[in-house]
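Please look over the sequence and the structure shown next.

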Amino acid sequence: MESQNIRIAVQKSGRLSEESLKLFKACGIKFESGGSKLKTVSSNFPIEFLFLRDDDIPGYVEDGVADLGVIGENVLMEHIRQVDVVKELGFSKCRLSLAIPRNEEYSGIEYFQGKNIATSYPNLTNAFLTKQGIKVTTHEISGSVEIAPSIGLAEAICDIVSTGGTLLSNGLKEVATVFQSQAVLISNQQLSSEKQAILAKLLFRIDSVQRGQN
Ligand code: ATP
Ligand code: ZN
């Protein structure tokens with residue numbers, strides 16, 4: 001039988017890209033990256049890389065267009081997907097947080113009762129608040145969420161935060177954490193035994209890299 005490559009989807013350019021490529025290079029996998037290439041094959045490991053927008057990665061892995069993918073847990077958890085999380089990768093750490101105008105007094109989670117919240121993560125936001133008996137109206141927007149309160153679109157936001165600098169410069173303050181996120185390696189649920197063997201080899205190398213970092 002002709003030997004197969006395992007196919008992995010990584011973000012083309014963004015906050016997951018650099019660390020993803022660094023990890024696979026640290027695993028001793030040689031490949032070309034950068035430029036406008038959307039696909040590249042390793043010269044020394046049975047793997048090929050697809051460079052995609054991060055939002056498309058879980059769907060491609062679920063459908064088997066890609067066997068593996070690197071994705072932020074925040075994106076993965078927002079939509080239910082039939083994929084396996086095979087490894088926490090420990091980079092692109094961030095949190096999904098609720099934020100309100102800085103000059104507002106925050107009394108606790110009850111503050112949000114009946115409020116309008118702008119977010120790219122309506123499912124995670126609603127699930128978090130509903131669990132605590134808070135009913136809100138979410139307005140889904142795909143980017144620049146932090147300007148929503150100042151333009152009157154919503155009274156609060158639920159957005160990705162790492163340092164809080166963006167919130168601060170938009171006159172907002174973080175008041176509650178909805179979800180802690182990091183990059184994870186995901187896998188299609190029906191890998192052939194040949195691909196499972198390649199994945200096992202890859203995981204072994206990732207483990208050694210991670211051990212070396214601790
Ligand atoms: P794309 O063009 O691929 O759709 P994007 O703009 O949706 O990219 P990025 O901003 O590159 O996404 O973020 C990708 C992921 O990186 C996020 O989903 C999140 O998991 C993580 N992330 C986001 N912001 C930060 C941050 N400030 N620090 C660390 N990780 C972050
Ligand atoms: Zn995206």
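A residue is called buried if 20 or more other C-beta atoms lie within 10 Å of its own, exposed if 12 or fewer do, and partly exposed in between, with C-beta atoms placed from the backbone. This is a predicted model, in which local features need pLDDT of at least 70 and side-chain atom pairs count only at pLDDT 80 or more, while totals for chains, interfaces and linings use all residues. Residues are numbered from 1 along each chain as its sequence is written, and chains are lettered from A and ligands numbered from 1 in the order in which they are written.

The chain has 214 residues, of which 33% count as buried. Its C-alpha atoms fill a box of roughly 65 × 35 × 30 Å along the principal axes. Six helices and 11 strands make up its secondary structure elements; helices (H or I, at least four residues) and strands (E, at least two) are DSSP runs, numbered from the N terminus. Two residues are in contact if their C-beta atoms, placed from the backbone, lie within 7 Å. Among contacts between residues at least 6 apart in sequence, 66% join residues at least 24 apart.

Begin with helix α4, residues 122-131, whose buried residues are L124, T125, F128 and L129. These four cover an arc of only 120° around the axis, so they sit on the same side of α4; the arc is that of the directions from the helix axis to the C-beta atoms. T130 and K131, on the other side of α4, are exposed. The cover over the buried residues of α4 includes α3, β6 (94-101), β7 (116-119), β8 (137-140), β9 (156-161) and β10 (172-181). Just after this helix, G133 has a positive phi of about 75°.

Helix α1 (residues 17-26) can be read in the same way. Its buried residues are S20, L23 and F24. Viewed down the axis of α1, they fall within an arc of 90° and so line one face of the helix. They pack against β1 (6-11), β4 (68-72) and α6 (193-213). Just after α1, G28 takes a positive phi of about 85°.

Now take the domains, whose bounds come from an automatic or database domain assignment. Domain 1 is 6-92 + 182-213, and domain 2 is 94-181. Their C-alpha centres lie 30 Å apart. Where they touch, seven residues of domain 1 are in contact with eight residues of domain 2. On the side of domain 1 that touches domain 2, helix α3 (residues 73-78) gives the largest share, four residues. That side divides into one nonpolar, four polar and two charged residues. For these classes, Ala, Val, Leu, Ile, Met, Phe, Trp, Tyr, Cys and Pro count as nonpolar, Asp, Glu, Lys and Arg as charged, and the others, Gly among them, as polar.

A nonpolar core is a set of buried Ala, Val, Leu, Ile, Met, Phe, Trp, Tyr and Cys residues joined through C-beta atoms within 7 Å. The largest one has 48 residues, and I8, L68, I71, A156, I157 and I186 touch the most other members. Domain 1 and domain 2 each give this core at least three residues. Leaving aside neighbours within four places in sequence, L68 is in contact with I6, I8, V61, L185, I186, S187 and L199.

Two residues in the loop between β6 and β7 remain. R102 is found in that loop and counts as exposed, with 12 C-beta neighbours inside 10 Å. Not counting residues up to four places away in sequence, R102 touches G171, L172 and K173. K115 also has its place in the loop between β6 and β7; K115 is partly exposed, with 17 other C-beta atoms within 10 Å. Beyond four places in sequence, K115 is in contact with V136, E155 and A156.
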